[in-house]
Amino acid sequence: MVKNLLAVGAGGAVGAMLRYGMTVLGAQLDWSSNLSTFLVNIIGSFVMGLLVSCCEQSTWLMMATVGLCGGFTTFSTFSMQSVRLIQEGKWGTAALYISGTLVICILMAWLGCLVGQRLK
């Protein structure tokens with residue numbers, strides 16, 4: 001129990017640092033914060049699907065999925081950015097951002113599972 005807790009915490013710390021790194025990179029590349037969040041969620045969804053489908057249950061897997069992917073992906077940020085777009089009256093952008101994120105991230109998790117099953 002403690003071993004798993006520490007592993008998830010360590011993975012979460014790394015995931016959060018990677019997430020921040022993507023924010024910094026996105027700012028340097030002059031991306032909107034929505035694009036950075038969108039890409040993080042796509043990457044995290046794929047990696048989560050890949051790992052869950054090709055790796056045996058272990059402390060390492062918990063660290064990588066619950067910790068790293070959980071710390072890296074940004075659903076709460078996505079939610080708040082969606083609310084802000086709506087509050088700003090950017091209905092079309094909000095609809096595209098929300099639907100695109102949900103559909104593409106679910107597809108990427110599925111694709112990750114397919115790739116992971118082939119690697120198994």
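Apart from its neighbours within four places in sequence, Glu 56 is in contact with Leu 61 and Lys 120. The model is a predicted one. Glu 56 sits in the loop that runs between H2 and H3. The relative accessibility of Glu 56 is 59%, so the residue counts as exposed, the cut-off being over 50%. From Glu 56 to Ala 7 the separation is 49 residues in sequence and 16 Å in space, C-alpha to C-alpha.

Two packed helices are described by the angle between their axes and the distance between the axes. For helix H1 (residues 2–28) and helix H3 (residues 59–72), the axes come within 6 Å and cross at roughly 35 degrees. The crossing of these two helices, H1 and H3, is right-handed. On the H1 side the contact is made by Lys 3, Asn 4, Ala 7, Val 8, Gly 11, Gly 12, Val 14, Gly 15, Ala 16, Leu 18, Arg 19 and Met 22. On the H3 side it is made by Thr 59, Met 62, Met 63, Val 66, Gly 67, Leu 68, Gly 71 and Phe 72. By residue class, the contact of H1 with H3 comprises 11 nonpolar, 7 polar and 2 charged residues.

Where is the largest nonpolar core, and which elements build it? In soluble globular proteins, nonpolar side chains tend to be buried together. Here the largest such core has 7 residues, namely Phe 38, Ile 42, Phe 78, Leu 85, Ala 94, Tyr 97 and Cys 105. Two or more residues of this core come from each of helix H2 (33–54), helix H4 (75–87) and helix H5 (91–119). H5 gives the most, with 3 residues.

Cys 105 is one of the core residues. Leaving aside neighbours within four places in sequence, Cys 105 is in contact with Asn 41, Ile 42, Ser 45 and Gly 100. Of these, Asn 41 lies in helix H2. Is Asn 41 buried or exposed? Its relative accessibility is 6%, and because buried means under 20%, Asn 41 counts as buried.

A search of the whole structure finds 2 aromatic pairs. Phe 75 and Phe 78 form one that is tilted, with 5.2 Å centre to centre and 50 degrees between the planes. Both residues of this pair lie in helix H4, 3 residues apart, which is about one turn of the helix. Together with Tyr 97, Phe 75 and Phe 78 form one aromatic cluster. Tyr 97 and Phe 78 also belong to the largest nonpolar core.

Last comes the chain as a whole. Its secondary structure comes to 5 helices and 0 strands, in the order α-α-α-α-α along the sequence. The C-alpha atoms fill a box of roughly 45 × 30 × 25 Å, taken along the principal axes. Of the 120 residues in the chain, 32% are buried. Among contacts between residues at least 6 apart in sequence, 72% join residues at least 24 apart.

Conventions. Residues numbered from 1 in each chain as written. Predicted model: local features only at pLDDT ≥ 70, side-chain atom pairs only at ≥ 80, totals over all residues. Heavy atoms only, no water. Axes fitted to C-alpha atoms, helices over the stretch in contact; angles between N-to-C directions. Helix = DSSP H or I, 4+ residues; strand = E, 2+ residues; numbered from the N terminus. Left-handed = near helix turned anticlockwise from the far one by under 90°. Contact = heavy atoms within 4.5 Å. Nonpolar A, V, L, I, M, F, W, Y, C, P; charged D, E, K, R; others polar. Core = buried A, V, L, I, M, F, W, Y, C linked by side-chain atoms within 4.5 Å. Buried < 20%, exposed > 50% of the residue type's maximum accessible area, 1.4 Å probe, protein only. Phe/Tyr/Trp six-rings, centres within 6.5 Å; stacked < 30°, edge-to-face > 60°.
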